[in-house]
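Here are my notes on the charged side-chain pairs. Please read them alongside the model.

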Amino acid sequence: MTQTSVQHPADNTPAAAAPVARKVPTERIHHGDTFVDNYEWLREKESAEVVEHLKAENAYQESVTAHQEPLREAIFQEIKGRTQETDLSVPNRKDGWWYYTRSVEGKEYGIQCRVKAQNTGNPVADWTPPAVEAGVELSGEEVLLDCNVEAEGKPFFAVGGTAVTVDGNLYAYAVDNAGDERFTLRFKDLRTGEMLPDVIENIFYGVSFSPDGTRLFYTVVDDAWRPYQVKSHVLGTPVAEDEVLYQEDDVAMWLGFDLSSDRRHLVLSIGCSEYSETRLLRFDDYDAGLSTVISRDERVLYEAEPFLLAGTEKILVTHNRNAINSMVSLVDPAELAKPLAEQAWTTVVEHSDQVRVNGAGVTATHVIVSIRKDTIERVQVLALAGLGTASQGDPVEPAFDEELYTAGVAGSDYEAPVIRMGYTSYFTPSRVYDFVLPTAASPAGELLLRKESPVLGGYSPADYVATREWATAADGTRIPLSVLRHASVARDSSAAGLVYGYGSYELSMDPGFGIPRLSLLDRGIVFVIAHIRGGGELGRHWYEDGKKLNKKNTFTDFVAATDWLASSGWVSPSRIAAMGGSAGGLLMGAVANLAPEKYAAIVAAVPFVDALTTILDPELPLSALEWEEWGNPITDPEVYAYMKSYTPYENVGALAYPKIAAVTSFNDTRVLYVEPAKWVQALRSASTGTEPIVMKIEMDGGHGGASGRYVQWRERAWDYAFVADSVGAVELLPGAGVK
């Protein structure tokens, strides 16, 4: 490994030399095309040379950014100073108990607790959470899991799922101590506090007990980190004898499960982003095995919820059959024996080009529908009485008074007269509501505010402004933007700006409050969230216009958003940075090649910058699951050529790249560290500019970075300090900051 020296940006003294990895040409040949990859050898994770190289990258990054340390510390203290560190969640009722999580000042992780619920016969009173106070133990409070104790002495800690039996006696929890998202499952008898001998290794997210509490269901991943088996463990029996309830062998299909809302069925969900299959297991007829709702061969993308409607078995299906934005139908299980074209389905929520239906569930009295309209996620409820008939009632939607917000179902219990809702906006801290479901006496229902997360340090939403603006893409498409700024920023083309984007997998960048972001706004940075194609903000078309052979729209939309900001009158075009993570990191790499001159700095977190190499190897984690998003370059020469024309690593060229920070984790299973490691080497060797290109690698973290809230705050402070320093916005605006 050789070194090249750069000037330290603060004082012009030479900083540590940038690590230069040796070149070992490796040929990758597909469809008659040869790509020579000089840095593929960095994939050897066990190699001492690779580990030393990564450590050298960290040392270089620390040297280049050392002058940002006071700013990082200031931002960290601002995050800490605005956060109520000793706090707790709003209790959530499940069966006979209220469950909640406490956080304690100075401790990294939450403490999961519960307290007994009352049954007085008054449903709304019985579903009103107990008044809990930060730092004050409730009478009868039980600690289920103190994550700080569990995490002690471990390099990483995350919980991948918990479950409690209906009778409240047994507790199961899954823990990851490496960051590789493979969990160890343990069981605790809550009556005695003793651990059961049953321990299950290497499971995936999500665990559920059967209603009788004798079995636990869990998923297992294959070598490519794809969940492919649902297994059943009978308590007290050897794990080696656990039954495989279902195994999915199609490498392009994802597998998951849940219990139906009324807990009469186990519901297996198999699918990709384009079509799916649901299989049901009746707990009252367990040995009958699984039944299929609609075969994947029909190529329908759907979700199914079995339930009883006036005592009759029905299935609620949210589907895209002749409905690109999806709709909701009611199906009699007897119909499923017929060919699909002959089945009688009853419409519950009709299709609309303006409304995307995201999903539907049931309680004992209502259907709950999640929709997206005008980019905003909303919730509607429909009474079960008259459902699917001429007397079906109109949907009722809880009303909120902001233009840009996010409202979603945070939990519902089948028997409850309320649904729990989460609400947030860019400058409204997250709120928890209970929505009392409509009745004849109260047809509009009632929103009850249970909690608004406290923000300390003199925070006032009036100090900030959020507006909806629109950029125009090259093809004339209007791209929605959310523009956030401090109210005191003058529109004199002098401020700094940051453009953030994602634009993949139909994921929407919805309005949400974030304490760390205030530190950028308080320094006068105008923060633009670009709702680019490939996301889901404007319905299914919006997603499909930014995937596969339309993927480049995602990148050019982001550049159009940057052009809007540059000409908006708010910022100086020379003071704009860009930021994105994961698939948004691929976006960062693509725009660095497309328009490096438009950015003063780019931060790419866990960036998917070597996507073509990854997807061409079906043995690598999740590769086969990517075909539905990007196309299959293994079998399709057109897809291969199209991907090769935009994937960041292959398209690094002799360009004057801006300051770039690639932020990654050694144990990330979703985007391997090797992608940014190779990309950074290619950038450095090709760049005609003088700006430093650094890689920050967390040696003990996963896809979400390191674990622990204080560690995560420091990571966010690092990212934001890099941006603020690069665009010359390090000082707080007059009067801004933590009071």
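1. Glu49 is partly exposed, at a relative accessible area of 32%. Its salt-bridge partner is Arg22, with the closest N and O atoms 2.7 Å apart. Arg22 is partly exposed too, at 40%. Keep in mind that this is a predicted model.

2. What does the pairing of Arg22 and Glu49 tie together? Arg22 sits in the loop between strand S2 (18-20) and strand S3 (26-30), while Glu49 belongs to helix H1 (residues 48-64), so the bridge joins parts 27 residues apart in sequence.

3. Arg72 and Glu69 form a salt bridge, with 3.1 Å between the closest N and O atoms. Both residues are in helix H2 (residues 69-82). They are three residues apart, a separation of about one helical turn. Is Arg72 buried or exposed? Arg72 counts as buried, at 12% relative accessibility; the cut-off for that is under 20%. Glu69, at 36%, is partly exposed.

4. Glu274 and Lys548 meet through their side chains in a salt bridge, 3.0 Å from N to O. Glu274 lies in the loop between strand S19 (265-271) and strand S20 (276-282). Lys548 lies in the loop between helix H6 (540-544) and helix H7 (552-566). The pair therefore ties together parts that are 274 residues apart in sequence. Glu274 is partly exposed, with a relative accessible area of 28%. Lys548 is partly exposed, at 28%.

5. Some charged residues are linked in a network of salt bridges: Asp37, Glu40, Arg43, Asp610 and Lys678.

6. How many salt bridges are there in the whole structure? The search finds 42.

Definitions and conventions: Residues numbered from 1 in each chain as written. Predicted model: local features only at pLDDT ≥ 70, side-chain atom pairs only at ≥ 80, totals over all residues. Heavy atoms only, no water. Salt bridge = Lys/Arg side-chain N within 4 Å of Asp/Glu carboxyl O. Helix = DSSP H or I, 4+ residues; strand = E, 2+ residues; numbered from the N terminus. Buried < 20%, exposed > 50% of the residue type's maximum accessible area, 1.4 Å probe, protein only.
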